[in-house]
Amino acid sequence: RRKFTEQLKYRDDENEAKIDESYLEALEWGLPPTGGWGCGIDRLCMLFAGTERIGDVLSFGTLRNVVGLG
């Protein structure tokens, strides 16, 4: 909560900072556990295509290729 109140000092017309009370309440109560097995469509395509790299099945390639670093 302290960091959110500190951020209020820097608000202006472009950045309307406000404290999200519902988010803070969720943090106080504890967020639900995240775990388990989450398989996205890109991982399924990777499995069905038989590729070893997820970048081979991504629509736009990897971020490295999009930015031009690769």
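Modeller: Let's start with L44, which is partly exposed, because its relative accessible area is 31% (buried means under 20%, exposed over 50% and partly exposed in between, with a 1.4 Å probe and protein chains only). Please keep in mind that this is a predicted model, in which local features need pLDDT of at least 70 and side-chain atom pairs count only at pLDDT 80 or more, while totals for chains, interfaces and linings use all residues. Residues are numbered from 1 along each chain as its sequence is written, and side-chain values use heavy atoms, leaving out hydrogens and water.

L44 sits in helix α3, residues 41-49 (helices are DSSP runs of H or I with at least four residues, strands are E runs with at least two, and both are numbered from the N terminus). Together with I41, L47 and F48, L44 makes a nonpolar surface patch with about 480 Å² of accessible area. Such a patch takes residues with over 30% relative accessible area and no salt bridge, joining nonpolar side chains (Val, Leu, Ile, Met, Phe, Trp, Tyr) within 5 Å and like charges within 9 Å. The areas come from the Shrake-Rupley method with a 1.4 Å probe, and for residues only the protein chains shown count as cover.

How far can you trust this part? Confidence in the chain is highest in α3, at 88, and lowest in helix α4 (residues 63-67), at a mean of 61. The score, pLDDT, is the predictor's confidence in each residue, from 0 to 100. Over the whole chain its mean is 77, and 80% of the residues reach 70 or more.

Now step back from L44. The chain has 4 helices and 0 strands, in the order α-α-α-α from the N terminus. Of its 70 residues, 4% are buried. The chain exposes about 6800 Å², with carbon and sulfur atoms supplying 54% of that area.

Next come the side-chain contacts. There is 1 aromatic pair (ring centres of Phe, Tyr or the six-membered ring of Trp within 6.5 Å; planes under 30 degrees apart are stacked, over 60 edge-to-face, the rest tilted). The rings of F4 and Y23 are edge-to-face, because their planes stand at 90 degrees, with centres 6.3 Å apart. F4 lies in helix α1 (residues 2-7) and Y23 in helix α2 (residues 21-29), so this pair ties together parts that are 19 residues apart in sequence. F4 is partly exposed at 27% relative accessible area, and Y23 is partly exposed at 40%.

The structure also holds 2 salt bridges (a Lys or Arg side-chain nitrogen within 4 Å of an Asp or Glu carboxyl oxygen). In one, R2 meets E6 at 3.1 Å, N to O; both lie in helix α1, 4 residues apart, about one turn of the helix. R2 is exposed, at 56%, whereas E6 is partly exposed, at 35%. D56 forms a salt bridge with R53, with the closest N and O atoms 3.2 Å apart, and D56 is partly exposed at 46%.
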